[in-house]
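Subject: Structure handover

Hello,

Here is the structure I promised to pass on. Please open it alongside this message.

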Amino acid sequence: MSRLRFASRLFSPPSDLQGSAQHNAKCKSLKLMLNNGLIHHASGSGLFHLLPLGQRAMDKLLRIISEEMDGIGAQKLTCAALGPRKLWETTQRWDKMGSEMFTLTDRNEAQFCLQPTYEEAVTEIVANAGQQPVGRFPV
């Protein structure tokens, strides 16, 4: 991993380019992230790009979480971003989420959602894993 020697060398667009995003920002944390060059407002409501400084902060946070998980013997897994409708209907959350959940239909007419959480996916994985020795947990 290369180390950046000078913060002045980080790419960061001038904050005045994000004027409308900063002006419309209602929460203090969003204003701080915009003002300090962690994120950049993308075209579209609620869409943001992580700038190099924001990416460095995210990488550091993920490193800390990973170290803490390793310290307690926990394991990490990565779930698919899209979840099938059937899985989300099992918990009645497909309808409860309503228009807040991004959904799509594939070329085979199967319906999916961009999973806002992975509770359903992880529960399905563990439920289908069968009887497991206690030593395999926490996942």
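Below is what was found in it, from the overall picture down to single residues.

First, the ground rules. This is a predicted model: local features need pLDDT of at least 70, side-chain atom pairs count only at pLDDT 80 or more, and totals for chains, interfaces and linings use all residues. Residues are numbered from 1 along each chain as its sequence is written, and side-chain values use heavy atoms, with hydrogens and water left out.

**Overall**

The protein has six helices and five strands. Both are DSSP runs, numbered from the N terminus: helices are H or I with at least four residues, strands are E with at least two. Their order from the N terminus is α-α-β-β-α-β-α-α-β-β-α. Of the 139 residues, 17% are buried. Buried means under 20% relative accessible area, exposed means over 50%, and partly exposed lies in between (1.4 Å probe, protein chains only). The protein exposes about 11,000 Å², and carbon and sulfur atoms supply 56% of that. Those areas come from the Shrake-Rupley method with a 1.4 Å probe; for residues, only the protein chains shown count as cover.

**The sheet**

Three strands form an open sheet in the order β3-β5-β4, with antiparallel pairing. The edge strands are β3 (82–84) and β4 (103–105), each pairing on one side only. Two strands pair if DSSP finds at least two bridges between them. Three bridges join β3 to β5 (residues 111–114). Three bridges also join β4 to β5. Look at Phe112 in β5. It is the bridge partner of Pro84, and also of Leu104. Next to that, Cys113 is the bridge partner of Gly83. The hairpin of β4 and β5 has five residues between the strands, and Glu109 there takes a positive phi near 70 degrees.

**The core**

The largest nonpolar core has five residues: Leu87, Trp88, Trp94, Met101 and Cys113. Such a core is a set of buried Ala, Val, Leu, Ile, Met, Phe, Trp, Tyr and Cys residues joined through side-chain atoms within 4.5 Å. Trp94 touches Trp88, Met101 and Cys113, among others, not counting residues up to four places away in sequence. Contact means heavy atoms within 4.5 Å.

Gln115 counts as buried because its relative accessibility is 8%. Leaving aside neighbours within four places in sequence, its contacts include Leu82, Leu87, Trp88 and Ala121.

**Salt bridges**

How many salt bridges does a search of the whole structure find? It finds three. The criterion is a side-chain nitrogen of Lys or Arg within 4 Å of a carboxyl oxygen of Asp or Glu.

- Glu89 and Arg85 meet at 2.6 Å, N to O. Both lie in helix α4 (residues 85–90), four residues apart, about one turn of the helix.
- Glu119 pairs with Arg93, the closest N and O atoms being 3.6 Å apart. Glu119 lies in α6 and Arg93 in α5 (residues 93–97), so the pair ties together parts that are 26 residues apart in sequence.
- Glu120 and Arg93 meet at 3.1 Å, N to O. Glu120 is in α6 and Arg93 in α5, so this pair ties together parts that are 27 residues apart in sequence.

Best wishes
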